[in-house]
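Good morning. Please have the sequence and the model open while I talk.

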Amino acid sequence: MKFKIIHNILMYIINLCIFVRSKDLKMKNSQLYKGSLNTIVMKLLEENGRMYGYEITQKVKEITNGDLKITEGALYPALHKLEAEGILEVEVENVDNRLRKYYKLTEKGATETVNRLAELEEFIRNMQTLVQPKLDF
């Protein structure tokens, strides 16, 4: 019985490693990041005060050394959703005769950022425990 449990855990780990290392599922295209996009955006805004969309995409690309690229098709719906939830507010400015939207956290957004980062840290700890379990023999 104990052997079967250990075997199943090892198979899970092997399959997870194959999934993570798969050339077809590079980190920049991973569903894992899509679930964290709002939290990533909120963290950047917490650190930088306010940012416009393109600036957010470039900052993520810079921080991850190009491994994660956020497309406009993913970013702007996330920004609009966060705005509708009252987490972000928008400031529009005229820059070089073009209107540019800057996004920043509301008070509610600042509080929610702390909560979501705590949830994300707990998720990461749990995933590390699952991927690298301490097995008792």
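Over which residues does pLDDT stay under 50? That is the case for residues 15-29, and the model has 10 contacts for them beyond four places in sequence. Here pLDDT is the predictor's confidence in each residue, from 0 to 100, and contact means heavy atoms within 4.5 Å. Where pLDDT is low, the predicted coordinates should not be read in detail. Over the chain, pLDDT averages 81, and 74% of the residues score at least 70.

Some ground rules. This is a predicted model, in which local features need pLDDT of at least 70 and side-chain atom pairs count only at pLDDT 80 or more, while totals for chains, interfaces and linings use all residues. Residues are numbered from 1 along each chain as its sequence is written, and side-chain values use heavy atoms, with hydrogens and water left out.

Now the aromatic rings. The structure holds one aromatic pair. Rings of Phe, Tyr and Trp (its six-membered ring) pair if their centres lie within 6.5 Å; planes under 30 degrees apart are stacked, over 60 edge-to-face, and the rest tilted. Tyr-52 and Tyr-102 are edge-to-face, 5.6 Å from centre to centre with 85 degrees between the planes. Tyr-52 lies in strand S1 (residues 50-52) and Tyr-102 in strand S3 (residues 98-105), so the pair ties together parts 50 residues apart in sequence. Helices (H or I, at least four residues) and strands (E, at least two) are DSSP runs, numbered from the N terminus.

Tyr-102 is buried at 11%, whereas Tyr-52 is partly exposed at 21%.

Each ring also has an arginine over it. The charged end of Arg-50 sits over Tyr-102, 3.9 Å from the ring centre, and Arg-100 lies over the face of Tyr-52 at 3.8 Å. The test is NZ of Lys or CZ of Arg within 6 Å of the ring centre and within 35 degrees of the ring normal.

Last, the core. A nonpolar core is a set of buried Ala, Val, Leu, Ile, Met, Phe, Trp, Tyr and Cys residues joined through side-chain atoms within 4.5 Å. The largest one has 18 residues, and Ile-56 is one of those with the most contacts inside it. Helix H3 (37-48) is among the elements that give two or more residues; H3 gives the most, with five. Beyond four places in sequence, Ile-56 is in contact with Val-41, Leu-44, Met-51, Leu-75 and Leu-79.

How values were computed. Buried < 20%, exposed > 50% of the residue type's maximum accessible area, 1.4 Å probe, protein only.
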